[in-house]
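Please examine the sequence and the model shown here before reading the dialogue.

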Amino acid sequence: MKKNLFVLSAFVLAYGFGAHAQQVESINQQHVTSLVKTLSADDMQGRASFTPYADKAADFIASEFAKANVTPFKGTQNYEQQFTVYRLSPAELEVKLGKEKISSENVLVSTTYKELEWEKPGHVTIKTIAKDDNFRKVFSELSQAKENGLVLVHPKHAEMFANYKRYMSRGQLVRQTETGISNVFILTDQTTPKKFEVEVENKIEELQLTNVVATIEGKRKDEFVVFSAHYDHIGSHKPIDGDTIANGADDNASGTSAMLTLAAYYKNQPQPERTLVFVAFAAEEIGGYGSRYFSEQLNPDQIVAMFNIEMVGKPSKFGPNSAYLTGFDKSDLGKLMQKRMEGTGYNIHPDPYPKQNLFYRSDNATLARLGVPAHTISSVQIDKDETYHTVDDEFEMLDMAHLTSMIKGIALGAHGVVYGQETPTRVDKTQVQ
């Protein structure tokens, strides 16, 4: 009798998944194409954060959620989850090491405070980024330190210093002001200054950003599966043949369209076992502020998995109907997806570009640091993609048949997690940068 029950259960599961494989055929290339075209059109002007065009994109995404008849996420107004960030820009800056006055070009300030006045060690520790140090690594470590730092940077790092300086000259964005530690980086050949003076006064602007979030309640109301993509892009860029609009078709109109399509798809399926959350993140391109805010609205221990979707509009190096998962070894979500895709014609692979550090370059990283099995699904051949962050990232460069197949593949691969048959292992927070 037990054997017969086992055979019957296996049959039901196989039949159910077979039916699901048929249902994904309802995912329509024409609809996907319409979404991508709208989000990457010239009249979106590249969807840069803090512009009316990002707001326009957010409104369009909200309207698509409404058409799909999915439920606004808790605390949102018409699906829009608004939050505040602050931009700090130096209004006054004066630094001396000993008797030497340092040019402002050689000073980089990282702080959330309106004013800094340092004249002696006290709560300020003199630190260094030495000649043979990895600038990026040490900079990141110092940013997470527990004490204020006056950081002396060896001139060998002048180019990297200038890049960071250029980026931060647009204004440092922070979630809160007047909190945390501060670092003042100085490009200098001095190593042991006996005296220093630092005076900083910042201009502070209050700015609004908007995530767009919807949900489909599952039978297990407090277990969440997140499907996400960032909708912002970089706006304008260096002109090519007079074109200055960086349309962001692959990055990331493709991923946003995939997420919207999945929301509409699951709304027409039987009620999921777990609650599904669909989110279009703001401000990924300028520091992941949308995913940071979103991560604070849910208990991460209740998020079973996150399928973040980015740059899936072009075929992968693995051929048709294939994509890859970043951070494949950090949970077993990828293996669960592979098993679900067996025999379907779709497949998912480990990230083939480990040197590109892609696991940490998208919104999944925020939740992964909290232990969530949060990974990004992508297909872009990032090592040879010539349109990335250029004005040539336009709709015409995409393969819509491939993008549509990617959405079907994600639905197939996520089936066990969505319907409660599988639970991926958690990410070890100690192993995440």
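Student: What is the mean pLDDT of the protein?
Tutor: This is a predicted model, in which local features need pLDDT of at least 70, side-chain atom pairs count only at pLDDT 80 or more, and totals for chains, interfaces and linings use all residues. Residues are numbered from 1 along each chain as its sequence is written, and side-chain values use heavy atoms, with hydrogens and water left out. The term pLDDT is the predictor's confidence in each residue, from 0 to 100. In this protein 95% of the residues reach 70 or more, and the mean pLDDT is 93.

Student: Are helix α3 and helix α6 roughly parallel or roughly perpendicular to each other?
Tutor: Helices (H or I, at least four residues) and strands (E, at least two) are DSSP runs, numbered from the N terminus. Axes are lines fitted to C-alpha atoms, for helices over the stretch in contact, and angles run from 0 to 180 degrees between N-to-C directions. Helix α3 (residues 52–68) and helix α6 (residues 249–267) have axes 9 Å apart and pack at an angle of about 15 degrees. Angles under 35 degrees count as roughly parallel, over 145 as roughly antiparallel, 65 to 115 as roughly perpendicular and the rest as oblique, so α3 and α6 are roughly parallel.

Student: Which residues of α3 make the contact with α6?
Tutor: On the side of α6, the contact is made by Thr-256, Met-259, Leu-260, Ala-263, Ala-264 and Lys-267. From α3, the residues are Ile-61, Glu-64, Phe-65 and Ala-68.

Student: How many nonpolar residues does the contact of α3 with α6 have?
Tutor: Ala, Val, Leu, Ile, Met, Phe, Trp, Tyr, Cys and Pro count as nonpolar, Asp, Glu, Lys and Arg as charged, and the others, Gly among them, as polar. By these classes, the contact of α3 with α6 has one polar residue and two charged residues, and its nonpolar residues number seven.

Student: Is Arg-47 buried or exposed?
Tutor: Arg-47 is found in the loop between α2 (29–39) and α3. Its phi is positive, about 50 degrees, although Arg-47 is not a glycine. Buried means under 20% relative accessible area, exposed over 50%, and partly exposed in between (1.4 Å probe, protein chains only). Because its relative accessible area is 1%, Arg-47 is buried.

Student: Is Asn-69 buried or exposed?
Tutor: Asn-69 lies in the loop between α3 and β1 (71–72). Phi of Asn-69 is near 65 degrees, a positive value in a residue other than glycine. With a relative accessible area of 53%, Asn-69 is exposed.

Student: Is α4 oblique or parallel to α5?
Tutor: The axes of helix α4 (residues 135–143) and helix α5 (residues 158–168) come within 10 Å and cross at roughly 50 degrees. Because of that angle, α4 is, relative to α5, oblique.

Student: Which residues of α5 make the contact with α4?
Tutor: From α4, the contact involves Phe-135, Arg-136 and Phe-139. From α5, the residues are Met-160, Phe-161, Tyr-164 and Met-168.

Student: Which residues is Ser-362 in contact with, leaving aside its neighbours within four places in sequence?
Tutor: Ser-362 is found in the loop between β17 (347–350) and α9 (364–368). With a relative accessible area of 9%, Ser-362 is buried. Leaving aside those neighbours, Ser-362 is in contact with Glu-284, Asn-308, Glu-310 and Thr-376.

Student: Which residues does Gln-176 touch, not counting residues up to four places away in sequence?
Tutor: Gln-176 lies in the loop between β8 (172–174) and β9 (183–187). Its relative accessible area is 53%, so Gln-176 is exposed. On that count, Gln-176 touches Tyr-86 and Thr-112.

Note on methods. Contact = heavy atoms within 4.5 Å.
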